[in-house]
Amino acid sequence: MVNLDEALKILENKARREILERLVREPHYPLQLSHQIGVSQQAIMKHLKLLEKSGMIDSSKVPSEIGGPPRKIYSVQKSFSL
């Protein structure tokens, strides 16, 4: 986990706060977050990578139900507070 200053810098972005708010409730795919927040999927992926690198979220691969490649789903596995 990052230190307080780094965490505050990461969370100053409204889109990242909205992503975290949704991931705390339940795991989401990037496309779901993109539709819910109203931000491009490319921007969502950028935010997810930063949040995952900081240790605030985790990802896992889920096999496709229709035979396609596995998809990444993101969730919050650890609790933290500021």
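Helix α2 and helix α3 cross in a right-handed way. This is a predicted model, so keep that in mind as you look around. Here α2 covers residues 14-25 and α3 covers residues 30-37, and the two pack at an angle of about 120 degrees with their axes 11 Å apart. That angle makes α2 oblique to α3.

Who does the touching? On the α2 side it's Ala15, Glu18, Ile19, Arg22 and Leu23, and on the α3 side it's Leu33, Gln36 and Ile37. Sort the residues of this contact by class and you get five nonpolar, one polar and two charged.

Now bring in helix α4, which runs over residues 41-54; its axis and that of α2 come within 10 Å and cross at roughly 70 degrees. This time the angle makes α2 roughly perpendicular to α4. From α2, the contact uses Ala15, Arg16, Ile19, Leu20 and Leu23, while α4 brings Ile44, His47, Leu48, Leu50 and Leu51.

The remaining pair is α3 with α4. Their axes come within 9 Å and cross at roughly 115 degrees, and angles of 65 to 115 degrees count as roughly perpendicular, so α3 and α4 are roughly perpendicular to each other. The crossing of α3 past α4 is right-handed. In this contact, Pro30, Leu31, Leu33, Ser34 and Ile37 of α3 meet Gln41, Ile44, Met45 and Leu48 of α4. Seven of these residues are nonpolar and two are polar, with no charged ones.

| Helix pair | Axes | Angle |
|---|---|---|
| α2 and α3 | 11 Å apart | about 120 degrees |
| α2 and α4 | within 10 Å | roughly 70 degrees |
| α3 and α4 | within 9 Å | roughly 115 degrees |

Let's zoom in on α3 itself. Which of its residues are buried? They are Pro30, Leu33, Ser34 and Ile37. Look down the axis of α3 and these buried residues fall within an arc of 105 degrees, so they line one face of the helix. And what do the buried residues of α3 pack against? Their partners are α2, α4 and the strand β2, at 71-75.

How values were computed
Residues numbered from 1 in each chain as written. Predicted model: local features only at pLDDT ≥ 70, side-chain atom pairs only at ≥ 80, totals over all residues. Heavy atoms only, no water. Axes fitted to C-alpha atoms, helices over the stretch in contact; angles between N-to-C directions. Helix = DSSP H or I, 4+ residues; strand = E, 2+ residues; numbered from the N terminus. Parallel < 35°, antiparallel > 145°, perpendicular 65-115°, else oblique. Left-handed = near helix turned anticlockwise from the far one by under 90°. Contact = heavy atoms within 4.5 Å. Nonpolar A, V, L, I, M, F, W, Y, C, P; charged D, E, K, R; others polar. Buried < 20%, exposed > 50% of the residue type's maximum accessible area, 1.4 Å probe, protein only. Arc of directions from axis to C-beta.
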